[in-house]
Amino acid sequence: MAAITLKGLKKSYGQAHVIKGVDIDIEDGEFVVFVGPSGCGKSTLLRMIAGLEDISDGTLTIGGKVMNDLPPKDRGVAMVFQSYAIFPHMTVRENVAFGLTISGASKEEKETKVAEAARILQMEHLMDRRPSQLSGGQRQRVAIGRAIVRKPQVFLFDEPLSNLDAALRMDMRMEIGKLHKALGATMVYVTHDQVEAMTLADKIVVLKDGLVQQIGSPMELYHHPANAFVAGFLGSPGMNFLEVDVKEVNGDRATVSNAALDPVTLTARHPGIKAGGKARLGLRPQYLSPDADAGAGVLHGKIALTERLGSETIVEAVTTDGKPLIVALARDAVFEIGTPISLRFDPETAHLFAL
Amino acid sequence: MASKFVASNRTGWLMAGPAALVILSFVIIPFVFAIIFSFTNQRLVSPNPAEFTGLSNYRQLLGMSVLTLDPVKDAAGAVTMAANGTPEYPSLRSYTRNNPDYPNLEGMREWFSFSWGEARTYVLARDVVFLTAVINTFIFVILVAPLQGGIALCLALLINQRLRGINVFRAIYFMPVVVSIVVVSLLWRFIYDGDSGLLNNLLGAVSFGAIPKIDWLGNAHTALGSIIAMSIWQAVGFHMVIWLSGLQTISPTLYEAAAIEGSSSWQTFRYITWPGLRNTAILVLVVITMQAFGLFSQIDVMTKGGPLDSTQTIVFQAIQRGYGKQDISGGSAISVVLFVIVLSVSLIQRWLTREKA
């Protein structure tokens, strides 16, 4: 069994504290994605699990065993790097077999295991090529092949798709998802791309400045973000934030408004909202609509720009107090730039955060 | 009419001009002259005009012959024994001096000889000193190339670490390279001194006097070895830096990937580092080989080819002939022979290290 627990994990380089105390429980067989902006410490955290970075403080256990001071090879992990890290002077076959070669596996064992990996990743036809003759996607396939051939209990992925173009990234994303289902191993995946996080993860860990912002399933994070950072980071296009005046607070109900927003009453799930103060209203672009029956919340503005994608239309509006607002409509619609517009939303889809 | 290439590049030619002129006058012209001189009897300073002499300089340098002699037998047919108990052979001089039956051996001398049954085979050469120089140069190259390259690689691996003060070590290893070889040679003459040299004192101290004092440069058995050791020490830092630059082109993630796969230090070197250094290795090998064939300054300062010609080298011979004996055509012929040797060795090395498809 290969459950992973991170308890009070810290990392500092001299005075620079990169990871400031992280607690995460990863269950056996779970697909966990660390996501966050660049510099948030997600890759460092992954490298600490792999054993490529020392742990300054805290405890790391894999399969119930403390791993803090063990070298990478004794942790039962395999890793796939953003730069692929496949060996340029070896053929694909030699690359995939590398872990077996150095552990002194027999020729027959190598052949069977490499053939199996090649079959799983559908790269039988590439086996005798050299890395320089492969495309980026094929190289990453080889790197994954090298990882799966040793049957590790834990797979670590460090932004594996970042160097691939958009179309290939989607293919490989699906492949990795299928691979997880097929192997049933614990996987920890680092990315800055929230789409990868949303589609692949059983559990997402959102990191910022070396601290965990929220841990939960993708839909939990999407619908119930713990703070404005998580709310803004997940979802595409990103959430709109408006500064609003709090008129009245009644239990967990609050009434807010501003120059462009008619007074509306909604659920205040987060603490720190006080009557007479200011708050931040978060509205997902998908939950705004020009339709008259779309909800009780009403915002006033005018159209600044539209992007028609066929299946959806992205409208950039400017509120009457001059703030930009993105609206994503799930249909093709035509708007004339400069025309005034009233946008409606269901107050229950809005998020109210303290400033 | 100037071609477009010349005309449209006037500024470029003007800028390249001085360098081109220097290369022409100090590299290309001397090279061509050396080839021309080697076919003449040109002297360094001579009132007589030079004459074309064909290949005679090369015949003089490379002329070799083999002569097999039977031992001298007395009337009964028994082998005559010399005073030291070995068979006696006819005098070589009776064949190589004024013997009308052996005009091809005229003027030759014994290079070495060996016995085959009763008979003794003599390898004769017209220029024994030159052939000794060729052999010495090859011994030098064959020992220096792998040892210097290998030690430089070890040093590079040692200093390719992030440690406090590692630059101090880099500087120390590199220091001999920036000191002139002449100065280094002079210093090492003191180290190798037969009486109070540093090396003798050191060996005496660590062995409590058990190792006798050796005149390192004055002994025909140790002189070449001493020069080889010193030459390796002197240039090892230079090749260390080349190896170091090669090591730093290898992506650190490859090492991380290997570490995660469980690779040991030796396996990491064998599978990651060494293949990654392939091109560097070829460069280092070719550069050391070429430099080693040019062995001269150490010899000139430390031994002048002696004792007993044990440290003669090709370049030293070329200079000695050309300037010492004022036989510029003989010296040129040696240079041309060296050029052919170095070119062949380089081509062989390139062929052996070619990219296999």
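Two residues are in contact if their C-beta atoms, placed from the backbone, lie within 7 Å. The legends below describe close-up views of a predicted model.

**Figure 1. The contact between chain A and chain B in the predicted model.** On one side stand 16 residues of chain A, which are in contact with 14 residues of chain B. Strand E6 (77–80) and helix H3 (98–102) of chain A each supply at least two residues to the side of chain A that touches chain B. Sorted by class, that side of chain A has 11 nonpolar, 4 polar and 1 charged residues.

**Figure 2. Chain A as a whole.** Chain A has 9 helices and 19 strands. Its C-alpha atoms fill a box of roughly 75 × 45 × 35 Å, taken along the principal axes. Of the 355 residues in chain A, 38% are buried. Among contacts in chain A with a separation of 6 or more, 65% are between residues 24 or more positions apart.

**Figure 3. An open sheet of 5 strands in chain A.** The strands of this sheet follow the order E13-E12-E11-E14-E19, and the pairing is antiparallel. Strand E13 (264–267) and strand E19 (351–354) of chain A stand at the edges; each has a single partner strand, so one side of each is left without a neighbour in the sheet. From one strand to the next, the twist averages 45°. Within the sheet, strand E11 (residues 240–250) and strand E12 (residues 253–257) of chain A pair in the antiparallel sense over 5 bridges. One of the residue pairs is Glu248(A) with its bridge partner Thr255(A) in E12(A).

**Figure 4. Strands E15, E16, E17 and E18 of chain A.** Strands of a sheet pair through backbone hydrogen bonds, either parallel or antiparallel. Strand E15 (residues 297–308) and strand E16 (residues 313–319) of chain A pair in the antiparallel sense over 7 bridges. In E16(A), Ala317(A) is the bridge partner of Ile303(A), and Ile314(A) is the bridge partner of Glu307(A). E15(A) and E16(A) form a hairpin with 4 residues between them, and Gly310(A) in the turn has a positive phi of about 90°.

E16(A) also pairs in the antiparallel sense with strand E17 (residues 324–329) of chain A, over 6 bridges. Here Val315(A) stands opposite Val327(A) in E17(A). E16(A) and E17(A) form a hairpin with 4 residues between them, where Gly322(A) in the turn has a positive phi of about 85°. E15(A) is joined by 6 bridges to strand E18 (residues 340–345) of chain A, and these two strands run antiparallel. The bridge partner of Val298(A) in E18(A) is Arg344(A).

**Figure 5. The two domains of chain B.** Chain B is divided into domain 1 (64–125) and domain 2 (129–352). The centres of domain 1 and domain 2 of chain B, taken over C-alpha atoms, are separated by 40 Å.

**Figure 6. Helix H15 of chain B and its packing.** Helix H15 (residues 328–352) of chain B has 25 residues, which at 1.5 Å a residue should span 36 Å; its end C-alpha atoms are 36 Å apart, which agrees. Buried residues of H15(B) include Ile328(B), Ala333(B), Ile334(B), Val336(B), Val337(B) and Leu338(B). Gly330(B), Gly331(B), Ser329(B), Ser332(B) and Ser335(B) are buried too. The buried residues of H15(B) pack against helix H2 (10–37), helix H3 (56–62), helix H5 (128–159), helix H12 (278–293) and helix H14 (314–324) of chain B.

Note on methods. Residues numbered from 1 in each chain as written. Chains lettered and ligands numbered in written order. Predicted model: local features only at pLDDT ≥ 70, side-chain atom pairs only at ≥ 80, totals over all residues. Pairing = 2+ DSSP bridges. Axes fitted to C-alpha atoms, helices over the stretch in contact; angles between N-to-C directions. Domains from an automatic or database assignment. Nonpolar A, V, L, I, M, F, W, Y, C, P; charged D, E, K, R; others polar. Expected span 1.5 Å × (residues − 1). Buried ≥ 20, exposed ≤ 12 C-beta atoms within 10 Å, placed from the backbone.
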